Amino acid sequence: MPGFPTLIKPSKESTGKSAIEDVLELTHLEDINPNLFTNTRPLWHPPGARGIYGGAVIAQCLAAAQRTVLDDFIVHSMHCYFVLNGNADIPIIYHVEHVREGRSFATRTVQARQRGQPIFTTTLSFMREGSGGKKLVQHAAHMPDVPLPSDKQPGDDLIRGANSPFISQRIDILNNDSPRPYEKRTRQWIKAKGRISDEGGHQAHLSALAYMSDSYFIGTVSRVHKLWRYSAAPASSDKNKSAGGGSGKLGISPEAVRKLKDMDDATLRRMEGMDEDVIAELRSVELRDGEVVWREGQARREIGMMVSLDHTIYFHSPKDFRADEWMFTECDSPWSGDGRGLVHQRMYTKDGTLIATCVQEGLVRLKQDAPKL
């Protein structure tokens, strides 16, 4: 039985808000329960995939929790677990539990459910603004010197689709030639499309940051190991379908491959995930009778499954950034093994203010050799 992506049919009229605000808009089901919310509009997902982009559920849980605390309480951390695959074709119900109401701190737990089953859960902590006192212990990691983002957008629509509510530009991997993957740093610029309205306040920017924090996060493991993570088959095929909590193997259609091959290397290098090894492989690909033909004898290790398991965000300066202006992110992976990988991420404003630190662990399984008959 086919589902419907929202519980209540959304208005087709333009809201006058940015694309990311539209995607993250919630409907308060207060007549049923003051702590229930649902997605107002269909959730964005990668082209051809049914699985929900993990950042969307993270961000909507944050948005729901923010609606239940006083205005002077600001989120400082959220700890999330992806429980089951999410389906972009049916609505999500968010239930907010009031765990603690303190003078300085408030705690909320939010559970996202589909068809009566939990698909995602998170615990968030809020702190009353200014409750740390006038005398403070302060320090922050410095943002590295990196090339500024280009005014020319590289064409990420080919990978993420035209309906993606944010854009990104990658930077070359630091220490990419190191034999030790944990020394490498993957880096990119990222921001929401358009301008976030004043109506959303700082809460809208926090939700947007949470949304974008999941962009190519666990994928860092595959990049520092130079694993092959693309498929010539469409992403919608069953063997390439990913879980709602992260990135599986990415399907690239023959038409997308053709357009990518027509781009110059400088443009490709700004696109998310287009590292030097991927560009080199792309240059060797052939298109025959409308099909992608990879180089014969390719012996690269290949991703078989890659999904997020948990996701943590520490918000440092909740009111000192705009999510619709360029933010710099840097990721490293201190460990991988036993089919899992761990990634750290720092997020900065364009002028170098550290605004968030994130941690994610995910399932990272290689494609195994076919059993011998």
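The questions below set computed values against definitions.

This is a predicted model, in which local features need pLDDT of at least 70, side-chain atom pairs count only at pLDDT 80 or more, and totals for chains, interfaces and linings use all residues. Residues are numbered from 1 along each chain as its sequence is written, and side-chain values use heavy atoms, with hydrogens and water left out.

Q: How do you know that the span of helix 4 agrees with its number of residues?
A: Helices are DSSP runs of H or I with at least four residues, numbered from the N terminus, and the expected span is 1.5 Å times one less than the number of residues. The twelve residues of helix 4 (residues 201-212) should therefore span 16 Å, and the end C-alpha atoms are 18 Å apart, which agrees.

Q: What makes helix 2 mostly covered?
A: Buried means under 20% relative accessible area, with a 1.4 Å probe and protein chains only, and 13 of the 13 residues of helix 2 are buried.

Q: Which residues touch the most other members of the largest nonpolar core?
A: Such a core is a set of buried Ala, Val, Leu, Ile, Met, Phe, Trp, Tyr and Cys residues joined through side-chain atoms within 4.5 Å; of the 65 residues in the largest one, Tyr94, Phe120, Leu209, Tyr211, Met212 and Ile313 touch the most other members. Helix 2 gives the most to this core, with nine residues.

Q: Why are strand 13 and strand 16 called paired?
A: Two strands pair if DSSP finds at least two bridges between them, and eleven bridges join strand 13 to strand 16 (residues 354-366), which run antiparallel. Met305 stands opposite Arg365 in strand 16.

Definitions and conventions
Helices (H or I, at least four residues) and strands (E, at least two) are DSSP runs, numbered from the N terminus. Buried means under 20% relative accessible area, exposed over 50%, partly exposed in between (1.4 Å probe, protein chains only).
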